[in-house]
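Student: Can you walk me through this model? I'd like to go through it piece by piece.

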Amino acid sequence: MSEDVIRNLQEQSSGQLSQGLRERLRQSRQRVERTPAPQPEGRLSRMVGMTLEAEGIRLPVGGRAVIHTDHGGRLAAEVVGFQGERTFLMPEGRLEGLTPGARIEPLEQSRRIAVGPELLGRVIDANGKPLDALGPLRADTLVPIEGRPINPLKRAPVRVPLDVGIRSINGLLVIGRGQRLGLFAGSGVGKSVLLGMMTRHTAADVIVVGLIGERGREVNEFIHDILDDESRQRTVVVAVPADQPPLLRQHGAWVATTVAEYFRDQGKHVLLLMDSLTRFAQGAREIAMAIGEPPATKGYSASVFARLPQLVERAGNGDVGGGSITAFYTVLAEGDDQNDPIVDAARAILDGHIVLSRTIAETGRYPAIDVGASVSRVMSALITPEHERAAQRFRSLSAIYTLNRDLIAVGAYRRGADPSLDEAIAMQPRLEEYLRQGRLDGISFERAHNELFTLLGMPLPIRHAA
């Protein structure tokens with residue numbers, strides 16, 4: 001064999017060896033780059049109420065860690081603030097077993113939950129774990145609960161009416177697919193019953209119910225008594241009872257919204273019922289006060305009012321031609337005060353509100369919707385001019401009667417003195433009957449529309465073929 005041939009073989013061998021070595025070095029470098037930097041462990045230095053103070057760990061706000069208890073358990077916690085070298089954590093469970101100097105181990109993974117069609121018909125907690133007895137969840141798509149912002153210019157406008165099966169809403173407070181509304185109510189005026197009626201009768205592909213901070217008994221009753229078998233198959237319930245830590249009440253609202261976002265991204269039309277926005281705000285207030293944030297309005301700190309739009313803005317329509325989230329957020333008016341700070345903040349950031357009146361509920365009329373105090377801000381873009389005039393006429397007759405109810409009750413009004421009031425008095429029984437609806441009855445949008453025109457003696461508008 002010639003020397004040239006030997007030299008060529010040696011060069012080829014050397015080149016192949018170098019190429020193989022370079023490939024192995026490249027793979028090793030990638031593994032090193034993917035390996036996260038080691039996180040130092042810390043120690044529990046102080047515990048005041050629900051606030052845990054740690055030293056030695058460096059985690060961002062929202063980061064997670066586990067605290068090792070004296071009986072070998074592991075308590076998950078989340079970073080909610082820091083001051084100098086001290087890090088403030090809020091626990092996700094009970095505090096039993098914690099000792100001074102307990103070891104705190106940082107977690108690398110952010111909070112994620114598994115989503116998928118397998119969630120339909122299931123009840124989960126704030127961690128996305130099943131609460132029912134239907135076995136483990138098979139969903140395997142992990143998504144962060146913080147969600148992703150949507151460019152407001154890419155959102156589809158609210159232009160399609162949504163049939164919720166409630167005659168007074170379909171006829172007088174028309175809402176649109178992708179709208180976000182508040183349901184303002186005190187305690188015991190039929191709020192949960194109204195949510196159950198919407199769950200059964202709303203024309204939506206998927207329904208997500210967030211029961212945040214409710215009593216355990218009410219959670220059980222809503223699932224087994226208010227939901228029927230048919231609606232339960234298209235419903236996902238996220239339940240975080242009142243005895244859970246404030247951090248989990250916060251996470252429950254995020255998780256319910258995350259589940260709704262998943263189905264919206266699949267092109268589905270979702271109805272999100274959040275009960276309640278007030279419990280979410282109260283959880284945020286407890287966390288803020290625990291870490292020393294000063295109160296701003298009636299005990300609520302400024303960060304609470306910043307969190308409300310962060311949650312609400314995640315609902316609504318997606319991209320043009322995609323899915324939607326129509327959201328109802330119940331807001332508890334403490335003492336039936338419609339100027340409560342959370343009520344006032346919700347009124348400013350939502351696309352309308354429906355008020356449930358205790359006075360109306362005490363008369364025995366359900367749903368106890370106060371039509372005069374309620375408003376849908378996009379109604380005029382959803383209905384015909386004839387329908388809008390009919391709704392305005394109904395509201396006018398109802399308002400005239402309400403303003404003069406005391407005069408009528410004591411016999412101080414003489415018939416004939418005011419023709420508009422005479423008409424309102426004559427129409428009042430039929431107006432009340434229109435607003436009354438049985439818990440199991442579903443009134444379609446078209447039926448509510450036609451009954452409104454018939455009630456007022458107005459001709460039905462001619463529907464032109466598309």
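The chat below goes through the barrel, a helix and its neighbouring strands, and the cores.

Student: What kind of model is it, and how are residues numbered?
Tutor: Residues are numbered from 1 along each chain as its sequence is written, and this is a predicted model. Local features need pLDDT of at least 70, side-chain atom pairs count only at pLDDT 80 or more, and totals for chains, interfaces and linings use all residues, while side-chain values use heavy atoms, with hydrogens and water left out.

Student: What order do the strands of the barrel run in?
Tutor: The closed barrel has six strands in the order E1-E2-E5-E4-E3-E6, with antiparallel pairing. Strands here are DSSP runs (E, at least two residues) and helices are runs of H or I with at least four, numbered from the N terminus. Two strands pair if DSSP finds at least two bridges between them.

Student: How many bridges join E1 and E6?
Tutor: Two: E1 (residues 42-48) pairs with E6 (residues 103-107) in the antiparallel sense. Arginine 43 stands opposite arginine 103 in E6.

Student: New topic. Is H6 buried or exposed?
Tutor: H6 is largely enclosed by the rest of the structure, because 19 of its 20 residues are buried. Buried means under 20% relative accessible area, exposed over 50%, and partly exposed in between (1.4 Å probe, protein chains only).

Student: What comes just after H6?
Tutor: Glycine 267, with a positive phi of about 85°. Further along is strand E13 (residues 269-275), where six of the seven residues are buried.

Student: Which strands does E13 pair with?
Tutor: E13 pairs with E11 (residues 206-212) in the parallel sense over six bridges, and valine 209 stands opposite leucine 273 in E13. E13 also pairs with E17 (residues 324-332), again parallel over six bridges. There, leucine 272 stands opposite alanine 327 in E17.

Student: And the largest nonpolar core, which residues touch the most other members?
Tutor: Ile169, Leu172, Met198, Phe328, Phe394 and Tyr434, out of 62 residues. The largest share, seven residues, comes from helix H13 (residues 419-435). A nonpolar core is a set of buried Ala, Val, Leu, Ile, Met, Phe, Trp, Tyr and Cys residues joined through side-chain atoms within 4.5 Å.

Student: What is isoleucine 169 in contact with?
Tutor: Leaving aside neighbours within four places in sequence, isoleucine 169 is in contact (heavy atoms within 4.5 Å) with Val164, Val174, Ile175, Met198, Ile354 and Ile369. Apart from that core lies another of 47 residues, including Val259, Phe280, Ala327 and Ala345.
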